[in-house]
Amino acid sequence: MTDIARLRDFVAETARLVTDTTDEATLLAALAPKLKDLIAHDDWLPDAYAVADGARYRQYLLYADPLDRFSIVSFVWGPGQGTPVHDHRVWGLVGVLRGEERSVSYARQADGSLRGGMPERLQAGQTAAVSPEIGDIHAISNGLADRSSISIHVYGGNIGRIRRAVYDAESGTSSEFISGYSNDSVPNLWPDRTAA
């Protein structure tokens with residue numbers, strides 16, 4: 001049985017923070033330890049939002065703020081799965097719940113191309129931030145070759161509805177996309193535990 005109360009509490013804390021401040025640096029600094037605390041426990045993510053797909057990674061919506069101020073998503077990466085080079089256009093925090101993620105950040109060069117930095121590995125319990133202010137273009141992949149990895153992402157908008165871009169690193173050209181979500185329903189944050 002999952003302890004969905006952990007996710008419910010994280011949603012409430014995030015809502016309080018985005019209500020109290022719009023300053024990105026302040027928000028990221030306050031939210032990062034709360035995400036770190038959430039991913040320190042692996043007893044709250046419902047099984048339906050942790051299922052890998054053999055063909056591609058899954059992006060499951062866990063919660064979308066009704067005012068589109070933030071969204072919380074679980075990403076499930078099967079072995080060998082990853083994203084193309086892409087951006088977010090809003091702030092975001094990533095925390096690895098299970099397994100390991102490999103991230104490569106990209107910077108625009110004078111000729112318009114994108115240059116990838118050194119790969120970074122995020123292991124279970126670790127977090128990282130992205131945003132247009134601090135670096136927003138990257139590619140993510142499962143850091144493990146033999147099993148799935150799961151990360152929890154918090155974004156400063158409803159990420160599945162935001163028009164974003166994927167990039168060709170060599171030319172720097174981009175194509176817009178809207179990611180959507182892999183699920184049709186979200187977890188019940190207020191389950192009735194008294195029902196027989």
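## The Asp146–Arg147 salt bridge

In this predicted model, Asp146 and Arg147 are joined by a salt bridge whose closest N and O atoms lie 3.5 Å apart. The term salt bridge denotes a side-chain nitrogen of Lys or Arg within 4 Å of a carboxyl oxygen of Asp or Glu. Asp146 is exposed, at 60% relative accessibility, whereas Arg147 is partly exposed, with a relative accessible area of 47%. In these terms, buried stands for under 20% relative accessible area, exposed for over 50%, and partly exposed for values in between, computed with a 1.4 Å probe on protein chains only.

Salt bridges with shared partners also connect Asp87, Arg89, Arg163 and Glu176 in one network. The count of salt bridges under this rule is 12.

## Basis of the values

Residue numbers start from 1 along each chain as its sequence is written, and side-chain values rest on heavy atoms, with hydrogens and water left out. As the model is predicted, local features require pLDDT of at least 70 and side-chain atom pairs count only at pLDDT 80 or more, while totals for chains, interfaces and linings use all residues.

## A salt bridge between two helices

Lys34 and Glu13 form a further salt bridge, with 3.6 Å between the closest N and O atoms. This pair links distant parts of the chain, 21 residues apart: Lys34 belongs to helix 2 (residues 24–39) and Glu13 to helix 1 (residues 5–20). Helices (H or I, at least four residues) and strands (E, at least two) are DSSP runs numbered from the N terminus. Lys34 is partly exposed at a relative accessible area of 30%, and Glu13 is likewise partly exposed, at 27%.

## A salt bridge between two strands

In the salt bridge of Arg121 with Glu100, the closest N and O atoms are 2.7 Å apart. Here too distant parts of the chain are linked, since Arg121 lies in strand 6 (residues 120–123) and Glu100 in strand 4 (residues 100–108), 21 residues apart. Arg121 is partly exposed, with a relative accessible area of 47%, but Glu100 counts as buried, at 10%.
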